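Q: Please take a close look at one part of the model shown here, in a single connected account.

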Amino acid sequence: MPEQHEAALGEADCTFADVVRVRYLLPDREDFEPCWPVLRRAFGEVRPAATMLMCGLADPRMKIEIEVYARRATA
């Protein structure tokens with residue numbers, strides 16, 4: 001999963017270090033805790049502001065949707 005997100009951030013000339021906010025969207029709260037090890041590897045050093053919301057997702061096969069907001073440092 002982090003590789004896919006890293007590629008998406010790269011398209012915006014950003015990295016995980018540029019992420020300032022994360023929103024986790026899940027239909028089932030119980031699915032969030034098993035994700036923590038992967039999320040810590042991706043965001044552990046950065047520590048962005050984060051919110052987890054329970055909601056319906058577009059496809060019932062989806063277990064989690066992750067939105068990130070990144071801000072590039074200016075030179």
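Is arginine 47 buried or exposed, and what is its relative accessible area?

A: This is a predicted model, in which local features need pLDDT of at least 70 and side-chain atom pairs count only at pLDDT 80 or more, while totals for chains, interfaces and linings use all residues. Residues are numbered from 1 along each chain as its sequence is written, and side-chain values use heavy atoms, with hydrogens and water left out.

Arginine 47 is exposed, with a relative accessible area of 68%; buried means under 20%, exposed over 50% and partly exposed in between (1.4 Å probe, protein chains only). Arginine 47 lies in the loop between α2 and β2 (49–54), where helices (H or I, at least four residues) and strands (E, at least two) are DSSP runs numbered from the N terminus. Its phi is positive, near 55°, although the residue is not glycine. Most residues other than glycine have a negative phi.

Aspartate 13, another non-glycine residue, has a positive phi of about 55°. It sits in the loop between α1 (2–11) and β1 and counts as exposed at 59% relative accessibility.

β1 contributes the most, with four residues. Among the 13 members, Val22, Tyr24, Leu39 and Phe43 touch the most others. Leaving aside residues up to four places away in sequence, the contacts of tyrosine 24 include Phe32, Leu39, Phe43, Met52 and Ile64, contact meaning heavy atoms within 4.5 Å.

Key. A nonpolar core is a set of buried Ala, Val, Leu, Ile, Met, Phe, Trp, Tyr and Cys residues joined through side-chain atoms within 4.5 Å.
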